[in-house]
Amino acid sequence: MAALQRELVDKRGWLTAEQHGLAYGLARVTPGTNILAYCAATGWMIAGWLGSLLAVSGVVVPSALLAIWMCSAYETYGAHLSFRAAMSGVVAAAVGMMASSGVSIIRARARGRWLLPGLLFVAASIAAMRLGLLSPLKILLLAGVLGAFYGDAPVDKVAT
Amino acid sequence: MNPLLIYLLLVKATLTSFSGMGSLPIVREEFVVQRHLITDRQLSTAVAVGRAGPGPHGLYMVAIGYFIAGIPGAAAGCAALMTPAFLIVPLLLYLGRYRENQHVRGAIRAITIAAGSLVLSAVVPLAQDAWAGPLPIAVSLLSFAALMFTKLDTFWIVAFGALAGIAPLWIG
């Protein structure tokens, strides 16, 4: 987002710093991938719905084509011994990536007044999931309700 | 499988997450546990594919769609990844003032923490599938450490995993 800010606000002047700040702040509370929401917002501010669609497509489509090509290669060469061996290493690396992703998500949010409640949420969520007490969707919804009651700290200023 | 159904199931996952990988637990629940459309191995492969190249973290959905239904499935995954982003436009128009509301922010923070926890929970069966010996365990631990403590690009971690996997064949 910092690179986009430099390009859109500082270099080209297509957005004001205030518009960037609004898009950045709202992207954090929009479901899905934050950077895509930011692109959708800035595209919409610059050129309406078409701009929004083009901005999000510009980020996703080229990468998606690359992903499709890699999946195709996986299917074509999947039976080859060397390829299978390489993929077993890649899959093991992916396990490490997913674990780090989970830890990073938690570490970024469970801090300050949310440290203890956050750790309780972590323990309760994992227990509920592992014991099969609730589906993931219900766990997330319940977390949302409890989080709304508990509330967050006063606003931390969005980047401008 | 109908690409529309793939799209709807993936959108359900993305609409309840606030980070790229936060959708993983629901995706696994729907596609691996409930419907048996993909295996844990394919899910892990999809994650690796999504992280191997440039682009947003949720790209693994494109790979999942491809594994289930080919190009139409990939298109469904792509659309599911993009769809929630456009919700920001009505937020801009009508709800911008609520973004600083403490209860809204609390709900989102709690959902995100729970999603991160569920990602960790979902990793357990994926690790059980991937860890066939000491080498994959070491690869997983090194990948984890590299991402947590360095700024190494994930492409190099995927490349390292591939080399580590193939090394025993070369060595003999």
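Modeller: Chain A exposes about 7900 Å², and carbon and sulfur atoms supply 68% of that area. Accessible areas come from the Shrake-Rupley method with a 1.4 Å probe; for residues, only the protein chains shown count as cover. This is a predicted model, where local features need pLDDT of at least 70, side-chain atom pairs count only at pLDDT 80 or more, and totals for chains, interfaces and linings use all residues. Side-chain values use heavy atoms, with hydrogens and water left out, residues are numbered from 1 along each chain as its sequence is written, and chains are lettered from A and ligands numbered from 1 in the order in which they are written.

Biologist: How many helices and strands does chain A have?

Modeller: Chain A has six helices and zero strands. Helices (H or I, at least four residues) and strands (E, at least two) are DSSP runs, numbered from the N terminus. Along the sequence, the pattern is α-α-α-α-α-α.

Biologist: What makes A:S52 count as buried?

Modeller: Buried means under 20% relative accessible area, exposed over 50%, and partly exposed in between (1.4 Å probe, protein chains only). A:S52 has 0% relative accessibility, so it counts as buried. A:S52 is in helix α3 (residues 34–77) of chain A. Leaving out residues up to four places away in sequence, A:S52 touches A:A40, A:G43, A:W44, B:F86 and B:V89. Contact means heavy atoms within 4.5 Å. Of the 160 residues of chain A, 46% count as buried.

Biologist: Why does A:G32 count as buried?

Modeller: A:G32 has 4% relative accessibility, so it counts as buried. A:G32 is in the loop between α2 (17–27) and α3 of chain A. Beyond four places in sequence, A:G32 touches B:T14, B:S17, B:F18, B:S19 and B:P84.

Biologist: Which residues touch the most other members of the largest nonpolar core?

Modeller: They are A:V56, B:L24, B:V27, B:L43 and B:Y60, in a core of 101 residues. Helix α4 (residues 60–82) of chain B gives the largest share, 15 residues. A nonpolar core is a set of buried Ala, Val, Leu, Ile, Met, Phe, Trp, Tyr and Cys residues joined through side-chain atoms within 4.5 Å. Beyond four places in sequence, A:V56 touches A:L36, A:C39, A:A40, B:M82, B:A85 and B:F86.

Biologist: How do you know that B:I171 is exposed?

Modeller: B:I171 has a relative accessible area of 74%, so it is exposed. B:I171 lies in helix α8 of chain B. A:L81, B:L163, B:L169, B:W170 and B:I171 make a nonpolar surface patch of about 600 Å². Helix α8 (residues 154–171) of chain B gives the most to this patch, with four residues.

Terms used. Patch = residues over 30% accessible without salt bridge, like charges linked within 9 Å, V, L, I, M, F, W, Y side chains within 5 Å. Salt bridge = Lys/Arg side-chain N within 4 Å of Asp/Glu carboxyl O.
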